[in-house]
Amino acid sequence: KSIRTTGNHPYFARSEDLPKGREVSQNQQTKQTTTRFEVDQSNRIEELNRDSYLAIANKELGYIVKLPAKEKRILHEWHREKQLRRKFIGWQIFAKALVWAIRSSDLRITDLVIDFEYPGYEQAIAGLLKEFLPNIDVSFKSIGKHSPAHKAAYLAYTEGQVVQAILTSGQIKTTETPYGAKELLHHGVDTVDSQATRSVPK
């Protein structure tokens, strides 16, 4: 399986550069020295009228993927057809998009700190990620507006900062939920999103 890329490798950015959306060429990049990254998104997966931007970043490096609104609407319709008894599961699409982003980034990641995007679903998100990426430690916290990941995702949405890859609905569909993560969907974790779904057709 392949991911559609924009021809860009993970960008190198000093913390003072990132708020301006500034990037440098690949030959200016330095070796990666830290393997701890933060994760944030701009525009929730459930907002079907807006593109979603998912950023993995620290003060050295970052990687941004976009899930276009058109692809999200396709996923929503597919979900309605295949799983009529469940609501659109935003946290699951978020987790699968994150798996794709990590795999396509070539970043060395040992620790992943995810913003509280879906309160109450941390166990489910972590379980799905660990099934795909067992060597990465996953934790959750409110990363705040000064986080490199928050800035990267926000600037990609508001100022057009270059993204490194564009996801399709087909890639999300073909990312099968592993057995262990499926167990989380049926035992002890409600599959209805904890926050009200916005812009979802009735």
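Modeller: Happy to! Let's begin with residues 179-202, where pLDDT stays under 50, although the model has 53 contacts beyond four places in sequence for this stretch. Keep in mind that this is a predicted model. Where pLDDT is low, the predicted coordinates should not be read in detail. Within the protein chain, helix α6 (residues 179-186) has the lowest confidence, a mean of 42, while β3 has the highest, at 97. Residues 1-7 also have a pLDDT below 50, with 20 contacts in the model beyond near neighbours in sequence. For the protein chain as a whole, the mean pLDDT is 77, and 69% of the residues reach 70 or more.

Now for the nonpolar cores. The largest one has 39 residues, and those with the most contacts inside it include Ile 56, Leu 98 and Ile 125. Helix α2 gives the largest share, ten residues. Ile 125, leaving aside neighbours within four places in sequence, touches several residues, among them Trp 91, Phe 94 and Phe 140. A separate core of eight residues includes Tyr 53, Ile 64, Ala 156 and Ile 166.

Ala 156 brings us to helix α4 (residues 148-158), where it is one of the buried residues, along with Pro 148, Ala 149, Ala 152, Ala 153 and Leu 155. Looking down the axis of α4, these buried residues fall within an arc of 165°, so they line one face of the helix. At the start of α4, a side-chain oxygen of Ser 147 comes within 3.1 Å of the backbone nitrogen of Ala 149. Just after the helix, Gly 160 has a positive phi of about 75°.

Methods: Residues numbered from 1 in each chain as written. Predicted model: local features only at pLDDT ≥ 70, side-chain atom pairs only at ≥ 80, totals over all residues. Heavy atoms only, no water. Core = buried A, V, L, I, M, F, W, Y, C linked by side-chain atoms within 4.5 Å. Buried < 20%, exposed > 50% of the residue type's maximum accessible area, 1.4 Å probe, protein only. Helix = DSSP H or I, 4+ residues; strand = E, 2+ residues; numbered from the N terminus. Contact = heavy atoms within 4.5 Å. pLDDT = per-residue confidence, 0-100. Arc of directions from axis to C-beta. Polar contact = N/O pair within 3.5 Å; in protein donor to acceptor, adjacent residues only side chain to side chain.
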